[in-house]
Amino acid sequence: MVMKVHGSVLSTAAMRVLIALNEKGLEFEFVPVDMRAGEHKKEHFLALNPFGQVPAFEDGDLKLFESRAITQYIANVYKDKGTPLVCEGKPMATLGVWMEVEAHQFDPVGSKLQWELLFKPMFGMATDAAVVEENEAKLAKVLDIYEARLSQSKYLGCDCFTLADLHHLPALTNLMASPVKKLFDARPKVSAWVADIMARPALAKVLAMRNQQ
C-alpha cells in the first residue's frame with residue numbers, strides 16, 4: 001500500500017513530512033485537508049489525529065501524527081532508501097541534540113515571527129511590532145549558537161545532511177522571504193548552511209506542490 005499524508009501544503013509541519021518522503025524517494029499519496037473549512041476538526045480526521053492538527057500519516061495499518069515523529073519513522077524504517085537522514089552509534093546522540101534544539105529553541109521563535117510577519121498580513125491582521133522585536137532578539141541569540149556550531153560542522157547534526165537540518169526547512173522557506181532574512185545573512189556560516197539546505201531538490205518538489213494550490 002502507498003503511504004498517505006493528510007495535510008495542507010501551506011502547513012510547515014506537513015511540509016516537514018513531505019520533504020522527508022522526497023529525500024527518501026518514496027511513493028506517497030497526498031490527501032489535501034481543507035483547514036479553512038475546519039476539516040481537520042471533523043470526526044474522520046480526528047480518527048487519524050485526535051488533536052485535530054495536520055499532518056496525519058498512514059503506512060499500511062500504521063497511523064501516526066506529529067511531524068517530527070513521522071520523519072523519524074521514515075528515516076529509520078526506510079534507512080536503505082535515498083538520503084540517510086540519520087546516523088549510527090554515538091553521532092546519533094549529537095544529531096538528537098540538534099533535533100531537540102530545532103523543536104524547542106528555533107521553532108517556537110520562528111513560528112511567532114512567521115505568524116506576525118507573513119500570516120497576519122495574509123489574514124488582514126495588523127503585525128505587532130513589539131512581538132516581532134522581542135522574537136527577532138531571541139532568534140538572533142539562537143543563530144549565534146548555530147554560527148558557532150556550523151563553524152565546527154558542515155551541518156547541524158554532523159558533516160552530512162540529516163533530520164536536524166531538514167526539520168528547519170519549512171520555517172526557513174517562510175522566514176527567508178521576510179525581513180528576518182537579515183539575521184541569517186549577517187552570520188556567514190548560517191547563511192551558507194541555509195543556502196545549501198534550501199537548494200535541495202526534495203524541498204523544490206514540495207514548493208512546486210505548494211505553488212499549485
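Okay, domains to start: the bounds I'm using come from an automatic or database domain assignment. For this chain, that assignment gives domain 1 (3-84) and domain 2 (90-200). Before going on, this is a predicted model, where local features need pLDDT of at least 70, side-chain atom pairs count only at pLDDT 80 or more, and totals for chains, interfaces and linings use all residues. Residues are numbered from 1 along each chain as its sequence is written, and side-chain values use heavy atoms, with hydrogens and water left out.

So, how do the two domains sit? The C-alpha centres of domain 1 and domain 2 are 22 Å apart. Taking contact as heavy atoms within 4.5 Å, 12 residues of domain 1 touch 16 residues of domain 2.

Now the inside. I call a residue buried under 20% relative accessible area, exposed over 50%, and partly exposed in between, with a 1.4 Å probe and protein chains only. A nonpolar core is then a set of buried Ala, Val, Leu, Ile, Met, Phe, Trp, Tyr and Cys residues joined through side-chain atoms within 4.5 Å. The largest one here has 55 residues, and the members with the most contacts inside it are Ile-74, Phe-106, Leu-139, Tyr-146, Phe-184 and Trp-193. Both domain 1 and domain 2 give residues to this core, so it lies between them. Have a look at Tyr-146: leaving aside neighbours within four places in sequence, Tyr-146 is in contact with Trp-98, Val-101, Glu-102, Phe-106, Leu-156, His-168, Val-190 and Trp-193.

Ala-56 takes us to the strands. Helices (H or I, at least four residues) and strands (E, at least two) are DSSP runs, numbered from the N terminus, and two strands pair if DSSP finds at least two bridges between them. Strand E3 covers residues 56-59, and both of its faces are covered: Ala-56 and Glu-58 are buried on one side, Phe-57 and Asp-59 on the other. As a reminder, in a regular strand the side chains alternate between the two faces of the sheet. E3 pairs with strand E1 (residues 3-7) in the antiparallel sense over 3 bridges, and there Val-5 has Phe-57 as its bridge partner. With strand E4 (residues 62-65), E3 again pairs in the antiparallel sense, over 4 bridges; Ala-56 is partnered by Phe-65. The E3 and E4 hairpin has 2 residues between the strands, and Gly-60 takes a positive phi near 65°.

On to charges. A salt bridge means a side-chain nitrogen of Lys or Arg within 4 Å of a carboxyl oxygen of Asp or Glu, and a search of the whole structure finds 12 of them. Which residues does Glu-102 pair with? One is Arg-16, at 3.9 Å, N to O. That pair links distant parts of the chain, with Glu-102 in helix H4 (residues 90-122) and Arg-16 in helix H1 (residues 12-24), 86 residues apart. Glu-102 counts as buried because its relative accessibility is 0%, and Arg-16 is buried too, at 3%. Glu-102 also forms a salt bridge with Arg-68, the closest N and O atoms being 2.7 Å apart. Arg-68 is in helix H3 (residues 67-77), 34 residues from Glu-102. Salt bridges with shared partners join Arg-16, Arg-68, Glu-102 and Asp-107 into one network.

Another pair is Glu-23 and Arg-200, with closest N and O atoms 2.6 Å apart. Glu-23 is in helix H1, while Arg-200 is in the loop between helix H9 (188-198) and helix H10 (201-211), 177 residues apart. Both Glu-23 and Arg-200 are buried.

Is Lys-154 buried or exposed? Lys-154 is exposed, with a relative accessible area of 52%. You'll find Lys-154 in the loop between helix H5 (129-150) and helix H6 (163-166). Not counting residues up to four places away in sequence, Lys-154 touches Asp-159, Trp-193 and Asp-196.

Last, the cysteines. With a disulfide taken as a pair of cysteine sulfur atoms within 2.5 Å, the structure holds 0 disulfides. For Cys-87, the nearest cysteine sulfur belongs to Cys-158, 4.5 Å away. Cys-158 in turn has the sulfur of Cys-160 nearest, at 3.4 Å, and is in no disulfide. Cys-87 is buried at 18% relative accessibility, and Cys-158 is buried at 14%.
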